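Please look over the sequence and the model below before reading on. The report that follows takes up the chain as a whole, then the packing of its helices.

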Amino acid sequence: MGELVVHQTRPAEPLAAGWLRRIAGPAISACLFTGPVPPVELRPTTLAGFACKNEQDRRVFLNSRCRFWNPGSVVSLMLHEMAHRLVMEHEKSTGRSFEAHGPEFFLTVMVLYRRVDTALDGTYALVDRLALYDFQDRPPGLQHLERPAWAAEVLGWALQHFESIASSSASAESIPKLAADLWSAHAARKNAQRAEETARQGEVIRLKEQVLQVAGDARIEVGLYRIFGWTGFFASMVFALFAFVV
Ligand SMILES: [Zn+2]
């Protein structure tokens with residue numbers, strides 16, 4: 001016998017739905033969704049909001065007790081959860097797996113925020129609300145770096161790209177793929193630079209050892225000259241040449 005599954009959800013009251021639509025409508029338009037916009041469920045929960053994988057109708061959840069007197073908080077939270085939804089859908093279509101708050105998510109939410117800021121003339125200053133929380137997960141491809149180093153990489157990379165994607169006509173749904181491709185290329189470039197640097201350091205060490213060896217040989221030859229005169233010096237040179245040829 002299968003497990004009993006119980007749901008208790010219903011459409012929000014017209015007052016609550018109308019209130020959220022009024023606040024969120026212009027922001028949603030600015031994001032350039034081309035498909036259905038993920039539904040929102042208002043729910044009393046201990047979290048501010050969340051989005052689950054495999055949610056059948058793609059809905060995202062917002063805490064119905066969340067700071068509702070502040071439209072900026074509601075819009076930023078809603079778009080944060082919708083960015084999770086978009087990244088999850090890209091994951092699903094590719095079979096790839098991303099960290100919840102990795103670089104793909106961070107650039108996606110940053111682009112959505114920027115679009116809303118531009119369309120609404122900075123009313124909510126959403127980009128200013130981004131925080132370390134939004135890129136808290138270690139990014140793929142840079143596992144060798146400590147947290148301050150990879151966090152700086154992710155932030156710098158996102159700042160480099162978000163304006164151009166935000167001002168493009170790319171649909172909201174396409175942003176996670178753009179972000180994932182850009183991050184893969186960035187991490188690959190960083191790793192190639194690191195490999196080059198490691199090889200260069202190895203070469204420097206090898207050259208240093210060679211110089212020390214030559215300096216040591218020169219000291220021996222000068223010593224032989226002092227002890228045995230030119231005969232000793234030339235004898236050591238002949239031996240050195242012989243060793244080199246052999
Ligand atoms: Zn999140």
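## Contacts and overall make-up

Among the contacts that join residues at least 6 apart in the sequence of this predicted model, 58% are between residues at least 24 apart. The chain has 246 residues, of which 26% count as buried.

The chain holds 5 helices and 3 strands, and when its elements are read from the N terminus they follow the order α-β-β-β-α-α-α-α.

## Confidence

The chain has a mean pLDDT of 87, with 89% of its residues at 70 or more. Confidence is highest in helix 3, residues 103-119, where the mean is 98, and lowest in helix 5, residues 175-245, where the mean is 77. Where pLDDT is low, the predicted coordinates should not be read in detail.

## Helix 1 against helix 2

Two packed helices are described by the angle between their axes together with the distance between those axes. Helix 1, residues 14-31, packs with helix 2, residues 71-94, at an angle of about 50 degrees, and their axes are 10 Å apart. Because an angle between 35 and 65 degrees is classed in this way, helix 1 is oblique to helix 2. Helix 1 passes helix 2 in a right-handed crossing, and the contact is made by Ile 23, Ala 24 and Ala 27 on the side of helix 1 and by Pro 71, Val 74, Val 75, Met 78 and Leu 79 on the side of helix 2. Sorted by class, this contact of helix 1 with helix 2 has 8 nonpolar residues, with no polar and no charged ones.

Val 74 and Ile 23 are 51 residues apart along the chain, and their C-alpha atoms are separated by 8.3 Å.

## Helix 1 against helix 3

Helix 1 also packs with helix 3, here at an angle of about 115 degrees and with the axes 8 Å apart, and the crossing of these two helices is right-handed. Helix 1 contributes Pro 26, Ala 27, Ala 30 and Cys 31 to the contact, while helix 3 contributes Leu 112, Arg 115, Val 116 and Ala 119. The residues of this contact of helix 1 with helix 3 divide into 7 nonpolar, no polar and 1 charged.

Technical notes
Residues are numbered from 1 along each chain as its sequence is written. This is a predicted model: local features need pLDDT of at least 70, side-chain atom pairs count only at pLDDT 80 or more; totals for chains, interfaces and linings use all residues. Helices (H or I, at least four residues) and strands (E, at least two) are DSSP runs, numbered from the N terminus. A residue is buried if 20 or more other C-beta atoms lie within 10 Å of its own, exposed if 12 or fewer, and partly exposed in between; C-beta atoms are placed from the backbone. Two residues are in contact if their C-beta atoms, placed from the backbone, lie within 7 Å. Axes are lines fitted to C-alpha atoms, for helices over the stretch in contact, and angles run from 0 to 180 degrees between N-to-C directions. Angles under 35 degrees count as roughly parallel, over 145 as roughly antiparallel, 65 to 115 as roughly perpendicular and the rest as oblique. A crossing is left-handed if the near helix is turned anticlockwise from the far one by less than a right angle, and right-handed if clockwise. Ala, Val, Leu, Ile, Met, Phe, Trp, Tyr, Cys and Pro count as nonpolar, Asp, Glu, Lys and Arg as charged, and the others, Gly among them, as polar. pLDDT is the predictor's confidence in each residue, from 0 to 100.
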